[in-house]
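Thanks for coming. Please have a look at the structure on the screen before I start.

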Amino acid sequence: MGDVISTHLDESRRHYISEKTGKVLGEFCQFYEEQYGVALFNSVRYEIEGNGGPQSQLLHRKVPLEDRVIISGNLFQYVEENKKWRNRFSVVPHNYGLVLYENKLAYDRGIRPRLVLNSAGYKILTSLDQYLDLVNSSLPGTTPKSGNAPILKCPTQFPLILWHPYSCHYYFCVMTGKEQDKWRAVFQDCVRHCTNGIPEDSKVEAPAFTDAVRMYRQSKEQYGTWDMLCGSEVQVLSNLVMEELVPELKNMISPRLKGKAQERQRLWIQISDAVYRLVYDQIKAHYEAVVTKCELERPRMESTIRTDMDQIITSKEHLASKIRAFVLPKAEICVRNHVQPYIPSILEALMMPTSHGFAEVREVFFKEVTDMNMNVINEGGMEKLGEYMEKLSQLAFHPVKMQCCYEQMDQLKLEGLQQRFDVSSASVFKQRAQILMRQQMDDAVHTFGTLLHQELAKMLGKEELCKSIQRILERVLKKYDYDSSTVRKKFFREALLQITIPFLLKKLAPTCKGELPKFQELIFEDFDSFILVENTYEEVVLQSVMKDIMQAVKEAAVQRKHNLYRDSMVMHNSDPNLHLLGGGAPIDWGEEYGSQSDSDPSAEKRRRARQVVSVIQDDEGALPYEAGAEGVMRQASQEDPGSEEPEACPAATAPGSPGGVQEIRMMLVKELHVKTLVPAGEEAKEQLTNGTIIQPSGGSEEHVVEGAAQKAEEGPDPLEHSAQGDVGFQRPLNPGLEEQEAKPAAPASPAKPLPLAAALLLAEGATEATRQEPNDKETGEEVSTQACAEKVEPAQPAPENSEGTTENSEGVQTQF
């Protein structure tokens, strides 16, 4: 097969691929060098001005959990070379790279793995029909006739296929539907992590890169979101080249492919993967050279910025005022006629599934801590606490337990808006919200563990320990409610910007973009590395719609159903010294509070063995993997496909624990209720976040339980506390508008901005100038300047019951 690929990728075609890659890379690098200076200026300005958002209530884990295994187990893999299914021992470490070994013995002996897969850009498919639909659409004119053999035969009814538009595909299968659900959740978590993009700690390189990609695509008249902006910088650039190269190669190669439809499809997948690797290798060498060149220039540029900061800001404000006078009247008409009527519909479509997902995170966290509390009481107190806290500390990284939270985002539907606003798919927003859910869960768990560790210094008894855990849980839930509200509002604003700004830029391009070069003469030559006309123009466009977006999110916060805090009220930090605890060394619960019975020399060996135990523990017996592939195929042919039922959400029930969260709550209320006298004026406000309502001493316990159940159904009161503002971007999107909303508090840890907003983070909050309404002809539109008469087509959310750079550890290499 290699000879066949070499035939289709002969020397002339390889030369063509190399030339095309070099051309794209050369154009991109020009954009990157320009955006690097702008990003450096924004970073230094943000550092000096320090315009941060309100301080988060939850602690953020500064030392990541490492040296852990998410899951390990056996999978059947289809090996393309010999067209055989082989049993592989699979390990997913903390960096979410899928590692396949020959067998468990090879893993234990440290033998080199057979495959290390970076899953950025992949899709997880669980049926051959889904896969064949994608394969048939990838190569025109190769749809196989009905009755022909499929491109792939699976020995069981539970396949797991990793599909990529350019790279090779990977085929796995398991024995049961329960295992398929488990591994699907794990693979989705791998894709989510690897697709997350550029590291957050890169304050200059990341925004420079993402904005350079955006500027390059806009120069090719490609606006809107892009699903393949994922993985490392080299992977993103490879996707950028392949996006232009693949259509041309299809026209050249597909007519020359021989054989049946299935064979031509298989051959095209292999050719595309070979081209992708050629492009990847060429980009990797050249991109590193460009980054090194910019880093060498950085000290000189940063010195100029710090010396002439005031002059640069003044020059940029003067340029912005001139561009604003020219662009803003036209932009406001576009906003009023084409964007403003649809903002409520977009926001509603985003808010429902996102709020349900964050509420589910809260429920899972509450249940896990409550289960731990009751198990500690029943199983011996402090002796078991270390074991349970060790498991709880990894809750956010448990793909199966978190799956019921992530699935809430499947309700996000933007079909009615995707075509209008050039949104390729909703997956960009789904994955972003899911990553934020995981981060909030980890912050809640880390804060709970830190507070509990501090409380344990008092040497509590079993009863006091139980009450302390309950009190700490209530404190953490209140902090979670505040932070999740802040994070969601920030996410909504980012998503609305990602949807509307590219649409506005595309709409205004015919009448505005051609006039931008004349503004270049307003920039001093010494400052042209830090001020770009194109970036300033986009900041003005952003300002034209930001006010409407801020107002829409503020109005949504007043609605009780969304559980958002109002910006007009402030939740003061109730634990001023809490953030001082977050800077210490991570807590080793197993070492500090675990069993001390291991006194023999083999204790250290057993301790090391525990470090590689999967986060996901199997409660069932071992499956007959070691019987070999032939035995499995025989078993699969006799298996009844209807006997398997999908695994219920792991967060709903747990062995040895009460059946539901509601029952747990009622039991805790009965067992741990503390009669507290509350002043009459404050009784209505002092409600425990988990549903326990403080009653006067004369109240009956039955009313307490009934009130707790009712409160649990209603969820947290969004008006108990409210946010001063939102957690800031890496730099504020629009400082002028942000300062109108809230006073700046202590700078929060920088959050990674979405690609669209990266260069617009320091847009000046310009004062409203006197503007003259232009005619419709000035904007190139045929609509009236009066209020838009178009009917708003709201996106209907689905019913409630409906369903990056990979961090490589030492010794783990990517597939390239």
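This is a predicted model: local features need pLDDT of at least 70, side-chain atom pairs count only at pLDDT 80 or more; totals for chains, interfaces and linings use all residues.

Residues are numbered from 1 along each chain as its sequence is written, and side-chain values use heavy atoms, with hydrogens and water left out.

Confidence comes first. pLDDT is the predictor's confidence in each residue, on a scale from 0 to 100. The chain averages 75, and 66% of the residues score at least 70. Over residues 596-613 the pLDDT is below 50, and this stretch has 11 contacts beyond near neighbours in sequence; a contact means heavy atoms within 4.5 Å. Residues 619-661 also stay under 50, and the model has 60 contacts for them beyond four places in sequence.

Now the cores. A nonpolar core is a set of buried Ala, Val, Leu, Ile, Met, Phe, Trp, Tyr and Cys residues joined through side-chain atoms within 4.5 Å. Buried means under 20% relative accessible area, exposed means over 50%, and partly exposed is in between, with a 1.4 Å probe and protein chains only. Which residues touch the most other members of the largest core? They are Tyr32, Phe365 and Phe448, out of 175 residues. Helix H15 (residues 462-512) gives the largest share of this core, 21 residues. Helices (H or I, at least four residues) and strands (E, at least two) are DSSP runs, numbered from the N terminus. Leaving aside neighbours within four places in sequence, Phe448 is in contact with several residues, including Phe365, Met389 and Ile469. There is also a second, separate core of 15 residues, and Tyr78 and Ile151 are among them.

Next, helix H6, residues 205-219. The expected span of a helix is 1.5 Å times one less than its number of residues. For the 15 residues of H6 that gives 21 Å, and the end C-alpha atoms are 21 Å apart, which agrees. H6 is largely enclosed by the rest of the structure, because 14 of its 15 residues are buried. Just after H6, Glu221 takes a positive phi of about 65°.

On to the rings. Rings of Phe, Tyr and Trp (its six-membered ring) pair if their centres lie within 6.5 Å; planes under 30 degrees apart are stacked, over 60 edge-to-face, and the rest tilted. The whole structure has 21 aromatic pairs. Tyr101 and Tyr107 form an edge-to-face pair, 5.2 Å centre to centre with 65° between the planes. Phe326 and Phe519 have ring centres 6.0 Å apart and planes at 45°, so this pair is tilted. That pair links distant parts of the chain, with Phe326 in helix H9 (residues 309-339) and Phe519 in the loop between H15 and helix H16 (533-558), 193 residues apart. Phe519 is buried, at 7% relative accessible area. Ring pairs also link Phe28, Tyr32, Tyr36, Phe209 and Tyr287 into a cluster.

Last, two loop residues. Lys83 lies between strand E1 (69-79) and strand E2 (84-93), and has a phi near 55°, a positive value in a residue other than glycine. Tyr96, in the loop between E2 and strand E3 (98-101), has a positive phi near 60°. Is each one buried or exposed? Lys83 is partly exposed at 44%, whereas Tyr96 is buried at 2%.
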